[in-house]
Amino acid sequence: MAGRRLPAAEIWGRFNGCWRHWMSQRKRSRGSGLTQGDDEDFSVVPTQSPSQVQRNLESRSQEEINRKVTELVQFLLVKDQKKIPIKRVDILKKVIREYKDVYSEIVNRAGRTLQQVFGLQMVEIDTKHHIYILTSTLPRVEGENLKQDIQTAKLGLLIVILSFIFMKGNSAKDSAVWEFLRRLRVHPGEKHEVFGDVKKLVMEEFVRQKYLEITPIPLTDPPEFNFQWGPRAAKETSKKDILSFVAKMQKKEPSFWISQYNEAKANT
Amino acid sequence: MAESDGSGDFFSPRGSGSARSRLSLPSASRNGSVSQRRQRRLSGGLGRPPASEKGDEEDEEEEEDEDDGEEPESERPRPPGSSEGGGDERHRRLIRNQYRELICSVQQNREDMLSSKSNRLTEALEEANQLFSGVSRAREAALDAQFLVLASNLGKEKANELRSEITTFDSLTFAEDLLTFMGINRTETEGNDSDSESMSGGYLPSNAWYKLGEEAEKYFRRAPSFHYMLGSFKSEPPMPRQRIERQRKAPGGEEKRAMPAQLKKMEESHQEATAKEVERILGLLQTHFRNDPCTPIFFFDLVVDPNSFARTVENIFHVSFILRDGLARLKLDDDKLPVIEPVQNVEERNDDHSARARNQVVISLSHEEWRV
């Protein structure tokens with residue numbers, strides 16, 4: 001491992017640490033060796049100690065491992081195009097396959113490549129089901145984005161929704177959100193000249209991408225929904241960032257909104 | 001109708017009967033219940049004096065003509081086809097419409113109502129109060145209850161905002177600021193749409209959202225979408241491409257090799273063709289003379305091909321080879337027309353060789369002459 005601790009390596013280092021701990025627990029209770037994951041069961045990654053991983057590594061050629069690393073990097077980059085979060089199950093089934101025993105090593109190296117070559121990192125947004133997204137680790141530079149496409153416009157819509165939700169206390173009812181958007185000439189029932197079917201964009205696409213979390217409020221008829229930040233929003237931006245955005249738009253200092261300011265400060 | 005129901009009997013079906021006789025009875029029963037409800041509603045802080053309600057009720061007595069004055073919770077089937085039913089039904093429909101409008105307007109303008117600057121919530125409540133005085137049936141009362149729920153939710157939110165020291169986030173001004181940032185072109189427009197009083201007029205340019213999105217990107221750590229510059233990448237195409245190239249190169253080599261072979265062959269055939277032709281003609285001559293030894297052949301008879309001028313020229317060309325080689329002799333006959341005859345003797349052939357070599361005849365033959 002490189003002497004310098006990189007963020008991706010840290011994440012995976014922690015992951016490995018958990019495995020090692022769990023592994024040692026199992027050893028104590030079962031007194032047996034390691035479980036080799038079933039070939040067909042891709043939901044379970046075999047637990048391995050570093051020494052076991054080392055041994056497995058030696059059984060495969062460097063070339064093979066590196067090829068798998070490259071495949072994984074490509075897979076992650078392509079999967080990220082639509083911003084749909086990536087499941088570990090898919091990674092195992094489609095890329096790793098028979099190299100499951102060196103899964104952790106492959107992922108580590110892929111993470112390093114992502115960081116060093118692309119300035120990206122793999123972030124877990126769901127620890128239970130092991131779902132990941134890619135985020136950028138590089139600071140944003142002014143005037144950097146030369147390609148302005150529909151994704152840019154959608155981000156504009158997203159940031160106003162996220163701002164509204166945060167400033168209203170981290171959750172907002174759908175009626176409130178839509179009323180707010182109405183003032184920006186965005187109507188759920190009408191076809192928008194930029195966004196098309198806005199309702200679908202907000203309620204389906206943003207939710208699928210994990211930018212928003214929309215939950216129905218029980219016992220309401222007609223059904224009403226609660227809007228909150230999704231896990232991707234939490235990782236790609238922060239309360240502090242959004243407050244800065246609001247402050248900039250309204251030409252005020254972020255500290256103008258006391259409770260939101262305190263909340264944002266506590267969040268970092 | 002009065003005989004069939006008592007003041008407390010709310011469950012018997014009511015006929016259309018004379019309304020006036022019931023008038024005071026329902027009013028009286030309603031009075032108590034209504035004022036109770038009104039007071040409940042008003043305890044929230046509006047502080048309307050109950051006295052005015054009685055006045056309201058009396059004013060609206062005429063409207064309550066056909067009302068049965070039951071408690072809102074119980075169900076009253078209305079007998080159809082009553083003569084005064086039409087007016088009553090219309091009136092109730094009107095009330096329901098008004099309620100729905102009120103509810104809708106409250107829902108649409110939530111933010112406006114919540115704003116600490118406006119009194120709109122109070123106004124809406126007062127409007128509902130007035131409407132309620134016309135209500136006597138379950139359906140309208142249910143709408144009234146719906147409105148009550150809505151209004152009280154808003155009231156709660158408003159109260160919450162007052163309680164804490166936070167600076168209220170004013171989404172209205174936020175929306176205005178966003179529009180300004182997006183480059184809205186505010187003009188003096190009248191009558192945009194029905195909500196024109198709550199929305200600013202103006203023209204939003206087409207790049208508005210893109211401009212906002214560009215600003216938004218600064219606040220996100222989004223991984224840029226990765227796309228291969230030359231399109232999506234698959235590992236298969238390069239392989240067949242190499243194979244194809246290799247295959248193409250192989251036949252190419254053969255072709256090149258075939259080319260020179262062909263050329264060579266053609267050149268050979270050219271020469272062969274000429275020689276062959278010459279021999280052929282010579283053969284013809286000799287055959288002819290064998291058949292008829294004494295008559296030389298008219299030159300032109302031999303060479304001219306009536307169907308093809310080119311062929312004629314070729315024939316002359318071939319015959320000239322024969323003459324050059326001394327295998328045939330060309331001479332002028334009595335009519336000064338050239339005749340050709342093969343040379344028989346080998347010795348003669350050899351002797352004439354040197355002598356003949358120097359004689360050259362130029363025959364001009366044009367297309368016109370040939371045709372003739």
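Trainee: Quick one to start: does R110(B) count as buried or exposed?

Mentor: Buried, because its relative accessibility is 10% and the cut-off for buried is under 20%. Bear in mind that this is a predicted model.

Trainee: Okay, and which helix is R110(B) found in?

Mentor: Helix α4 of chain B, which covers residues 110-114.

Trainee: What is R110(B) in contact with, leaving aside its neighbours within four places in sequence?

Mentor: Residues of both chains: S175(A), A176(A) and E179(A) on one hand, L154(B) and E157(B) on the other.

Trainee: Switching to aromatics. How many aromatic pairs does a search of the whole structure find?

Mentor: Over all chains, 9. Among them is F256(A) with W257(A), an edge-to-face pair with 5.0 Å centre to centre and 90° between the planes.

Trainee: And of that pair, is W257(A) buried or exposed?

Mentor: W257(A) is buried, as its relative accessible area is 1%.

Trainee: Now the helices. At what angle do α10(A) and α11(A) pack?

Mentor: About 145°, with the axes 8 Å apart; α10 spans residues 239-250 and α11 spans 258-267. On the α10(A) side the contact uses K239(A), K240(A) and L243(A), while α11(A) brings Q260(A), Y261(A), E263(A), A264(A) and N267(A).

Trainee: How many of those are nonpolar, polar and charged?

Mentor: The contact of α10(A) with α11(A) has 3 nonpolar, 2 polar and 3 charged residues.

Trainee: Sheets next. What is the strand order in the open sheet of 3 strands?

Mentor: In chain A the order is β1-β3-β2, with antiparallel pairing. The edge strands are β1 (86-87) and β2 (120-126), each pairing on one side only.

Trainee: How many bridges are there between β1(A) and β3(A)?

Mentor: They pair over 2 bridges, and β3 of chain A takes in residues 131-136. Within that pairing, K87(A) stands opposite I131(A).

Trainee: Last topic, chain A overall. How many helices and strands?

Mentor: Chain A has 11 helices and 8 strands. Of its 268 residues, 47% are buried.

Trainee: What about its accessible surface?

Mentor: About 13,600 Å² for chain A, with 51% of that belonging to carbon and sulfur atoms. As for contacts in chain A with a separation of 6 or more, 59% come from residues 24 or more positions apart.

Technical notes. Residues are numbered from 1 along each chain as its sequence is written. Chains are lettered from A and ligands numbered from 1 in the order in which they are written. This is a predicted model: local features need pLDDT of at least 70, side-chain atom pairs count only at pLDDT 80 or more; totals for chains, interfaces and linings use all residues. Side-chain values use heavy atoms; hydrogens and water are left out. Two strands pair if DSSP finds at least two bridges between them. Helices (H or I, at least four residues) and strands (E, at least two) are DSSP runs, numbered from the N terminus. Buried means under 20% relative accessible area, exposed over 50%, partly exposed in between (1.4 Å probe, protein chains only). Contact means heavy atoms within 4.5 Å. Accessible areas come from the Shrake-Rupley method with a 1.4 Å probe; for residues, only the protein chains shown count as cover. Axes are lines fitted to C-alpha atoms, for helices over the stretch in contact, and angles run from 0 to 180 degrees between N-to-C directions. Ala, Val, Leu, Ile, Met, Phe, Trp, Tyr, Cys and Pro count as nonpolar, Asp, Glu, Lys and Arg as charged, and the others, Gly among them, as polar. Rings of Phe, Tyr and Trp (its six-membered ring) pair if their centres lie within 6.5 Å; planes under 30 degrees apart count as stacked, over 60 as edge-to-face and the rest as tilted.
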